[in-house]
Amino acid sequence: MGTNDTATILYDKLIKMLTRAVAAESGLSLTRTNLVHALRLMQTSRRIDDREVLMKRQNRIYFQISGAGHEAIQIAAGMALRPGHDWFYPYYRDRALALSLGITPHMMMLQAVGSAEDTQSGGRQMPSHWSSPDLHIVSGSSCTGSQFVQAVGCAHAGRLLDPTSDEVTLVTSGEGATSEGEFWEALNGACLGKLPIIFLIQDNHYAISVPVEAQTPGGNLSKLLAGYADHLKMMEIDGTDFGTSFAAMTEAVSHCRGGLGPVLVHAHCIRPYSHSLSDDERYYKSESERAAEADRDPLILFPRSLLREGLITERELSELMQDVDREVQDAADYSLQAPPPARNTALQFLYSPKVDPTSTAFEREPEFTGEPRTMVDSITLTLYEELQANSRVVVFGEDVADCSRSALLPEVKGKGGVFKTTQGLQRQFGSDRVFNTPIAEAGIVGRAIGMATRGMKPVAEIQFFDYIWPAMMQLRDELPVLRWRSNNGFACPAVIRVPIGGYLTGGSIYHSQSGEVAFTHIPGLRVVFPSNALDAVGLLRTAIRCDDPVLFLEHKKLYREPYNRSPHPGADFMIPFGKAKIVRPGDKLTVITYGAVVEKALRAATEIGASIEVIDLRTLAPYDWETIATSVKKTSRVLIAHEDVLSWGYGAEISARVADELFGHLDAPVKRVGALDTWVGYSPELEDAILPQVDDLVRAIRSLLAY
Ligand SMILES: Cc1ncc(C[n+]2csc(CCOP(=O)(O)OP(=O)(O)O)c2C)c(N)n1
Ligand SMILES: [Mg+2]
């Protein structure tokens, strides 16, 4: 933006215009009362920042990040939208937005001190991590940019839940976070779906110490996005100016409410308090730059303009400031004596407190009908039944639809997934409920998170486990954390189905990976790994009907193996999580395994001929310790076998626990069999050598029996 003078002139013009025209058109009024209210919010936001800075210096809070310099655009956004109707995915700098939506100074201070009374996270999140189910402010993480893809899911869900609604989803971030892939994945998703979503990018020209020209080619996001213009309404504005900001936000909101598609508001701001209290911008910003920014401080410009326009008197201004100070003081005083969370609440709300997928409520007897089906057919049928049973179930991913060009459906057979797992589902349930997404794994999981947060039941597919990694931020820092970090305010019980594993002959490095331990290591996530068609049906239904996020691993090699087929066990058949199956009883040695190695273990046991017990874990998180312990106490010898690489593998955890808790029952060391610590090779010779085979199991079992 130009000089201070330019900004002031622009401001005066806009205030006059706004109080008349814009307000009338949008139904929103920018009356004197509203302008004074905006000023009050602005002042409150800044004074809370000031108070927190003080409290941090006194070591009474443990982190501080300010909204200073961003207040004008944020309050404009808050005033243009409707909390409790619209949905919000804010970021850490959105103090003034949060205030204008209804988060109170008390709530902010209680989070800053980490109190049990912190309604936003119960003392679990840093300050400035806004959350309120009532206001539709979805608890955010500290990860820059991860909110974008979730907001797309939220907006998409809103459309499916009520196509007549005029709700809007607002997602915000700094300009630095637009370098994240998730921003581009979200922009793609929002434009393709013409979704009612506002991307509010608050550009303070720095991402910590990195200036925008080192972050964004050309140093200007709006210019970079020019090619999106046909799909995305864009506005580049001075976000330190309340009038300009209100006009832009009002226009953005009415564009979205009118069903005209997404909007990106690029608001230039300043950042006078450094990045956070852990940063000092004097290390990388010149004095002249800092001085120029100070001239554009909305906390100076806005009250000055209201005074000049005669919308407030000096006396009223001074009273307002004193009033705000009192309110902030009250909030600080209250928070400082508020109790911390009880230590024994640490594990609370990792999982749903209402629905327990390990309980007998998820135990149903099979009622078999028809001929034996393969695992892949059984999964398709279960998805069909759940789509039928619950209108909130949606199925999506890369290539999962029969045909994106649905007009062609009468002519073509339909793709339905690279493994045909979802074939026929789009044809049966329509393109709203079964659809293709772009190749964007973070976007797929993020969409699932946003949809599940809104009460939908997304069953998303990652095409191959090998390609899950772009979604890792969503899978580790978001999906399993939302309930815990919001102290049960929000949850996202989505199901992510993932074909996994090797023994494919030619699958090579990038179509054969295992790696389930990367996910069993994540608190809050259920990880399921069936070894046969019957278990796949029962466990998939439990995954869909439970209230926790589930990673559902489907072994590609098992999809069409004749040996694991089963007649269909019925449309209500379920298997609880955390209940292993003894697939072969015995009393001389226990083999603990899962997935494709179950059948190999059975073959090894048969070859040896001894009384060997084989346990199929079926779910890896949670796992059935009771069945393991009972078996090991009986047999005193234990082998843990899995397809994934040996070192740091799933077997390491189980053997550590066996050694720890069952040491006195053992007659032999705990042994493990797994893949060599390398990738799966393309040549069949290599693949055989790398992945565990029946012979490896036979050798390991014999060596244990020899003790
Ligand atoms: C994924 C991720 N990477 C890095 C960080 C560390 N980090 C926190 S804020 C920040 C800068 C963000 O800058 P910008 O998006 O411009 O927002 P601003 O803080 O300037 O408002 C960084 C790198 C993070 N929180 N998340
Ligand atoms: Mg920035």
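Strands β2 (169-174) and β4 (206-207) each contribute at least two residues to the shell around ligand 1, helices and strands being DSSP runs (H or I, at least four residues, for helices; E, at least two, for strands) numbered from the N terminus. The model is a predicted one, in which local features need pLDDT of at least 70 and side-chain atom pairs count only at pLDDT 80 or more, whereas totals for chains, interfaces and linings use all residues. Residues are numbered from 1 along each chain as its sequence is written, while chains are lettered from A and ligands numbered from 1 in the order in which they are written.

The shell around ligand 1 comprises 15 residues, of which Thr144, Gly174, Gly176, Ala177 and Ala207 come nearest; a residue is near a molecule or strand if its C-beta atom, placed from the backbone, lies within 6 Å of it. By class, this shell has 8 polar, 5 nonpolar and 2 charged residues. In this classification Ala, Val, Leu, Ile, Met, Phe, Trp, Tyr, Cys and Pro are nonpolar, Asp, Glu, Lys and Arg are charged, and the others, Gly among them, are polar.

Strand β2 is largely enclosed by the rest of the structure, because 6 of its 6 residues are buried. A residue is buried if 20 or more other C-beta atoms lie within 10 Å of its own, exposed if 12 or fewer do, and partly exposed in between, with C-beta atoms placed from the backbone. In a regular strand the side chains alternate between the two faces of the sheet. Both faces of β2 are covered, with Thr169, Val171 and Ser173 buried on one side and Leu170, Thr172 and Gly174 buried on the other. Two strands pair if DSSP finds at least two bridges between them. Strand β1 (residues 87-89) runs parallel to β2 and is joined to it by 3 bridges; Tyr89 has Val171 of β2 as its bridge partner. Strand β3 (residues 197-203) is likewise parallel to β2, with 6 bridges between them, and Gln202 in β3 stands opposite Gly174. Together, β2, α7 and β3 make a right-handed β-α-β unit, meaning that, with the strands pointing away from the viewer, the path from the first strand over the helix to the second runs clockwise.

Helix α3 (residues 71-80) is also mostly covered, 10 of its 10 residues being buried. Among them are Glu71, Gln74 and Met79.

At the level of domains, the protein is divided into domain 1 (4-335), domain 2 (360-568) and domain 3 (581-705), with bounds that come from an automatic or database domain assignment. The C-alpha centres of domain 1 and domain 2 are 37 Å apart. Between these two domains, 29 residues of domain 1 are in contact with 27 residues of domain 2, contact requiring C-beta atoms, placed from the backbone, within 7 Å. On the side of domain 1 that touches domain 2, α6 (147-161) and α7 (181-193) each supply at least two residues. Helix α6 gives the most to this side, with 11 residues. The residues of this side of domain 1 divide into 14 polar, 12 nonpolar and 3 charged.

A further enclosed strand is β18 (residues 612-616): 5 of its 5 residues are buried, so β18 is largely enclosed by the rest of the structure. Both of its faces are covered, Ile612, Val614 and Asp616 being buried on one side and Glu613 and Ile615 on the other. Strand β16 (residues 581-584) runs antiparallel to β18 and is joined to it by 3 bridges, with Ile582 and Ile615 as bridge partners. Strand β17 (residues 589-593), in contrast, runs parallel to β18, the two being joined by 5 bridges; here Val591 stands opposite Val614. A right-handed β-α-β unit is made by β17, helix α20 (residues 597-608) and β18.

Several backbone features occur in loops. Ala621 and Pro622 are joined by a cis peptide bond with an omega of about 5°, and Pro622 is placed in the loop between β19 (619-621) and α21 (625-635). Ser636, in the loop between α21 and β20 (638-645), has a phi near 65°, a positive value in a residue other than glycine. Ser636 is partly exposed, with 18 other C-beta atoms within 10 Å. Positive phi is also found at Ser508, with a value near 60°; Ser508 lies in the loop between β12 (495-500) and α18 (517-520). Because Ser508 has 18 C-beta neighbours inside 10 Å, Ser508 counts as partly exposed.
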